Amino acid sequence: MTKNIGIGLLGLGTVGTGVAQIINSPEGRHPLTSRVELKRIALRDSKKIRALSIPNKLITEDAWEVVEDPDVEIVVEVIGGLEPARSLILKAIKSGKSVVTANKAVIARHGEEIAEAAISSGVYVLIEAAVGGGIPIIEPLKQSLGGNIIQKVTGIVNGTTNYILTRMAKEGADYEAVLKEAQSLGYAESDPMADVEGLDAADKISILSNLAFGGPIKRASVPTKGISTLQNRDVDYANQLGYEVKLLAIAERLASNLENNSSLPLAVRVEPTLLPTGHPLAEVNGVNNAILVEGDPIGEVMFYGPGAGAGPTASAVVADILNIAGIKLMGGEKTSLDPLLSASSWRECHLAKPKEILQKNYVRLIAKDAPGVIGQIGKIFGSHNVSIQSIVQFDASEEDAEIVVITHKVFKGLLTDSLSEIQQLPEIKQIAAHLSCL
Ligand SMILES: NC(=O)C1=CN([C@@H]2O[C@H](COP(=O)(O)OP(=O)(O)OC[C@H]3O[C@@H](n4cnc5c(N)ncnc54)[C@H](OP(=O)(O)O)[C@@H]3O)[C@@H](O)[C@H]2O)C=CC1
Ligand SMILES: N[C@@H](CC=O)C(=O)O
């Protein structure tokens with residue numbers, strides 16, 4: 001019998017612990033599970049090992065020992081952050097080891113460099129856990145949907161913020177308290193600002209966009225707005241008007257026919273968005289994520305499930321480990337011959353200018369409660385060709401009114417121009433909120 005495949009685990013926190021638990025309990029699982037073996041595990045502080053029976057000799061506080069260990073054939077990177085994660089991954093690849101990572105931050109920024117290194121070393125880098133936690137979405141985009149022209153990917157891809165928004169909307173829970181809870185459940189990033197400011201979702205949509213449309217975009221240029229400034233009253237007004245508010249990550253192609261070799265324009269963004277009640281993503285609650293993919297000829301297909309936490313994320317990491325182990329046990333790696341598994345880019349893509357993007361909008365204005373204000377607002381929108389779906393007045397106080405406008409789809413530039421003009425009206429005190437709508 002051939003020897004088992006040696007695994008080097010970088011990180012033994014929420015995800016690393018989940019991975020170790022699965023590998024150490026192969027009974028009842030796929031037979032390949034008992035053919036992979038933890039050989040070395042790194043964490044920063046070895047006193048922090050959780051309730052796991054792991055022999056001391058496997059543990060090190062020096063992550064480089066893991067990537068350099070000759071018994072390690074697959075390196076699993078679940079330490080997070082950019083450095084030393086990037087350098088450890090590159091070193092592992094250079095040493096001929098395949099890599100499995102859940103680190104979307106590093107893949108969104110250095111994915112091209114890592115993919116190129118992997119191809120030239122003939123090893124795999126698999127990233128299923130980097131987007132959607134336990135939901136299979138990377139492999140479906142790389143393989144199962146390969147025959148489609150993808151039009152749009154719309155996702156709830158951050159479990160922490162969806163958990164917070166759900167608890168706030170359903171129970172009126174306090175933002176700070178629910179965020180702490182999400183941290184203690186292992187959902188949040190080590191710096192939870194990455195979750196609540198939308199950065200984690202922007203990492204994930206950059207990765208999905210690359211897979212869906214065939215080329216990388218500049219991660220730093222993805223327009224990103226999180227939920228930290230979202231106000232309860234907007235969630236409340238949205239609900240009254242028949243919408244749910246979710247942090248959506250969207251990547252959409254803006255051209256159907258392209259001249260050969262020209263760059264594909266994309267609209268990619270992360271922002272709190274109103275979804276009509278009844279939209280499939282409006283029903284996705286708690287830590288769950290969902291990714292709706294629209295393609296030709298498939299139409300719409302939605303991937304749904306737990307988007308964060310030890311078990312679901314470890315499920316995706318271990319699936320990648322077993323994929324690679326299976327190939328190795330069958331007689332070796334063959335990545336450079338296997339473009340679908342390696343997922344290298346094949347086209348140039350670029351982000352469209354914001355003013356070229358069509359979207360529906362929710363705008364909340366605070367105005368003096370004076371006759372004719374709504375008419376004036378409507379007139380200005382009309383003069384910029386911004387068509388209004390609804391305009392509703394809510395009373396904020398005795399003197400002030402809150403006016404909520406929902407527009408039809410309009411170029412962002414036209415909306416911005418009309419809001420600048422509306423802001424000059426003497427009756428308008430503030431443009432208090434501007435969100436997009438589906
Ligand atoms: N938690 C989740 O639900 C999900 C997480 N991910 C991703 O998985 C990765 C890990 O996340 P998670 O498990 O939650 O993070 P944790 O903070 O819980 O765990 C990180 C682990 O890495 C160790 N570590 C950090 N830096 C080093 C270093 N330089 N050398 C050695 N060990 C180090 C930490 O050690 P110590 O504790 O001693 O500091 C800890 O064991 C991240 O990239 C995250 O984005 C992806 C999907 C879901
Ligand atoms: N912090 C992330 C973890 C999974 O990617 C999230 O909340 O989704």
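**Entry 1. Helices α6 and α7**

I count two residues as in contact if their C-beta atoms, placed from the backbone, lie within 7 Å. The model I am reading is predicted. With that cut-off I looked up where α6 meets α7, and I found Thr160, Tyr163, Ile164, Arg167 and Met168 on the α6 side. On the α7 side I noted Tyr175, Val178, Leu179 and Ala182.

I then turned to the geometry of this pair. Two packed helices are described by the angle between their axes and the distance between the axes. Helix α6 covers residues 159-171 and helix α7 covers residues 175-184; I read an angle of about 140° and a distance of 9 Å between their axes. That angle makes α6 oblique to α7. I recorded the crossing of α6 and α7 as right-handed. By class, I listed 7 nonpolar, 1 polar and 1 charged residues in the contact of α6 with α7.

**Entry 2. Helices α4 and α9**

Next I examined helix α4 (residues 104-121) and helix α9 (residues 199-213), which pack at about 50° with axes 9 Å apart. This makes α4 oblique to α9. I noted a left-handed crossing for α4 and α9.

Which residues of α4 meet α9? I found Lys104, Ala105, Ile107, Ala108 and Gly111 in α4, facing Asp200, Asp203, Lys204, Ser206, Ile207 and Asn210 in α9. I sorted the residues of the contact of α4 with α9 into 4 nonpolar, 3 polar and 4 charged.

**Entry 3. Helices α1 and α11**

I looked up helix α1 (residues 14-23) and helix α11 (residues 310-329); their axes come within 8 Å and cross at roughly 65°. The crossing of α1 and α11 is right-handed. From α1, I listed Thr14, Val15, Thr17, Gly18, Val19, Ile22 and Ile23 in the contact. From α11, I listed Ala310, Gly311, Thr313, Ala314, Val317 and Val318. The contact of α1 with α11 has 8 nonpolar and 5 polar residues, and I found no charged residues in it.

**Entry 4. Domains**

I read the division of the protein chain as domain 1 (5-134 + 311-342), domain 2 (138-307) and domain 3 (355-437). I noted 26 Å between the centres of domain 2 and domain 3, taken over C-alpha atoms. In the contact between these two domains, 12 residues of domain 2 touch 12 residues of domain 3.

Which elements give two or more residues to the side of domain 2 that touches domain 3? I found α10 (232-240) and β9 (264-276). The largest share of that side, 5 residues, comes from β9. By class, I counted 8 nonpolar, 2 polar and 2 charged residues on the side of domain 2 that touches domain 3.

**Entry 5. Ligand 1**

I found 28 residues surrounding ligand 1, the closest being Gly11, Gly13, Arg44, Gly80 and Ala308. Helix α1, from Entry 3, gives the most to the shell around ligand 1, with 3 residues. I divided the shell around ligand 1 into 12 nonpolar, 11 polar and 5 charged residues.

Why does ligand 1 lie between domain 1 and domain 2? I place ligand 1 there because both domains give residues to its shell.

**Entry 6. Ligand 2**

I then listed the residues around ligand 2: Gly133, Asn158, Gly159, Thr160, Tyr187, Ala188, Glu189, Asp195, Asp200, Gly307 and Ala308. By class, I recorded 3 nonpolar, 5 polar and 3 charged residues in the shell around ligand 2.

**Entry 7. Backbone details**

Most residues other than glycine have a negative phi, and most peptide bonds are trans.

I found a cis peptide bond from Glu83 to Pro84, with omega near 10°. Pro84 is placed in the loop between β4 (74-77) and α3 (85-94). I found a cis peptide bond from Asp296 to Pro297 as well, with omega near 20°. Pro297 is in the loop between β10 (288-296) and β11 (299-306).

Is the phi of Asn385 positive or negative? I read a positive phi of about 65°, although Asn385 is not a glycine. I located Asn385 in the loop between α13 (373-383) and β14 (388-395).

Note on methods
Residues numbered from 1 in each chain as written. Chains lettered and ligands numbered in written order. Predicted model: local features only at pLDDT ≥ 70, side-chain atom pairs only at ≥ 80, totals over all residues. Axes fitted to C-alpha atoms, helices over the stretch in contact; angles between N-to-C directions. Helix = DSSP H or I, 4+ residues; strand = E, 2+ residues; numbered from the N terminus. Parallel < 35°, antiparallel > 145°, perpendicular 65-115°, else oblique. Left-handed = near helix turned anticlockwise from the far one by under 90°. Nonpolar A, V, L, I, M, F, W, Y, C, P; charged D, E, K, R; others polar. Near = placed C-beta within 6 Å. Domains from an automatic or database assignment.
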